[in-house]
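Please read these points with the model open beside you. They are meant for someone meeting this structure for the first time.

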Amino acid sequence: MSQTRKKDTDYVTVSTRIHAMENRLLNRERIERMISAPSEDEALKVLDECGYGSTAGGSVESRLAGARAALLDEVQAAVPEPRLVDVFRLKYDYHNAKALVKGEATGADVRRLLVSGGRYSCRQLLEGFQKDALSGVSARFQQAVAAARRILADTRDPQQCDILLDKACYEEMARLAEDCASPFLKGYVRLCADTANLRTAVRVARMGKGSDFLLHVLLPGGSVAESALAAARPEDLGSLFQAGALEKAARLGARAAQPDGGPLLAFERECDNALTRYVAAAKRVPFGEEPVIAFLHAKDAELTAVRTILSGRRAGLDEAMIWERLRECYV
């Protein structure tokens, strides 16, 4: 595949469009109105301003998923390098792969678990899987699905299936970023891998599992080698990410990894905030792939924020507790 980077000027039109779309993102003022609205119906009206349309006649989740898939289609059709958007679609493909492989093993009907927004339609994956003939998919995805089916048949361990597919997903992310030849995208993918691995290291330490298990579950593509992370003591996590985007998160993680480390909320929030701060650099870029990458990340974060607000309201949490669970806004 070509590794020639598109010129910044190739993105002039789409960058202008993206900067205009940023005005519809869920900002602090809109979040405040969602949280303090007297009813969920009133809270959902804020989403109309964000481009999600009315929720009348369908579930909130279906509307969010439909809007997400439509946005990815729209942006991918507009950018000069479509593979850039595929980086953000991959996780939905691999989510669907997990559902299909586990459904086959248990005999369950998993169609309701499949999600739109990936590179491949739910129908394409379902039909190809049922016929044992996946086609029109990447070679790495096809290999990973076949390997996941074998490992689940052999071990009956769904965790091993998830580990294998997660690693394949991040391998594909790194490959796509490399093919796009975008330093900003490559940095973003590395930070995603580092964030996932830092979270895993903290959780494994809290579970009391050893370095061999940790090395087995860590993902490829981060700036900190899996071997170095697996060999580190929990209290040394901060030094591994020193002076990087995850420095603060790693310090919080080092404390949270201890037996009496307490809740993970502050650590988890800081991991997500590190990614948002990374893409925030795109605000200073008038045109190029950077605004597109940042916007796609911001929309992912927006969906998470909406679900957090709605689940918090439904659970009867007060406003302060909902705010505590939210991450930094891109806008």
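This is a predicted model: local features need pLDDT of at least 70, side-chain atom pairs count only at pLDDT 80 or more; totals for chains, interfaces and linings use all residues.

The numbered points below cover a helix, the nonpolar cores, a lysine and a group of aromatic rings.

1. Helix 4, length. Helix 4 runs over residues 60–78. At 1.5 Å a residue, its 19 residues should span 27 Å. The end C-alpha atoms are 27 Å apart, so expectation and model agree.

2. Helix 4, buried face. Which residues of helix 4 are buried? They are Val 60, Leu 64, Ala 65, Arg 68, Ala 69, Leu 71, Leu 72, Val 75 and Gln 76. Seen down the helix axis, these residues fall within an arc of 165 degrees, so they line one face of helix 4. The cover over them includes helix 1 (12–21), helix 3 (40–49), helix 5 (83–106) and helix 15 (289–314).

3. The largest nonpolar core. This core has 85 residues. Leu 84, Phe 141, Leu 185, Leu 198 and Val 292 touch the most other members. Helix 9 (residues 183–207) gives the largest share, 12 residues. Apart from this core lies another, of 20 residues, including Met 34, Ala 37, Ala 43 and Leu 310.

4. Val 292. Leaving aside residues up to four places away in sequence, Val 292 touches Tyr 11, Val 14, Ile 18, Val 75, Val 79 and Leu 84. Val 75 is also among the buried residues of helix 4.

5. Lys 299. The cut-off is under 20%. Its side chain makes a polar contact of 2.6 Å with that of Glu 302. Beyond four places in sequence, Lys 299 touches Leu 25, Cys 50, Tyr 52 and Leu 71.

6. Tyr 94 and Phe 141. The structure holds 4 aromatic pairs. Tyr 94 sits in helix 5 and Phe 141 in helix 7 (residues 139–155), so the pair ties together parts 47 residues apart in sequence. Tyr 94 counts as buried at 2% relative accessibility. Phe 141 is buried too, with a relative accessible area of 1%.

7. Tyr 120 and Phe 141. This aromatic pair is tilted: 5.5 Å centre to centre, 50 degrees between the planes. Tyr 120 lies in the loop between helix 5 and helix 6 (122–130), 21 residues from Phe 141 in helix 7. Both Tyr 120 and Phe 141 are buried. Together, Tyr 94, Tyr 120 and Phe 141 form one aromatic cluster.

Conventions
Residues are numbered from 1 along each chain as its sequence is written. Side-chain values use heavy atoms; hydrogens and water are left out. Helices (H or I, at least four residues) and strands (E, at least two) are DSSP runs, numbered from the N terminus. The expected span of a helix is 1.5 Å times one less than its number of residues. Buried means under 20% relative accessible area, exposed over 50%, partly exposed in between (1.4 Å probe, protein chains only). The arc is that of the directions from the helix axis to the C-beta atoms. Contact means heavy atoms within 4.5 Å. A nonpolar core is a set of buried Ala, Val, Leu, Ile, Met, Phe, Trp, Tyr and Cys residues joined through side-chain atoms within 4.5 Å. A polar contact is a pair of N or O atoms within 3.5 Å; within protein, one must be able to donate a hydrogen and the other to accept it, and residues adjacent in sequence count only if both atoms are side-chain atoms. Rings of Phe, Tyr and Trp (its six-membered ring) pair if their centres lie within 6.5 Å; planes under 30 degrees apart count as stacked, over 60 as edge-to-face and the rest as tilted.
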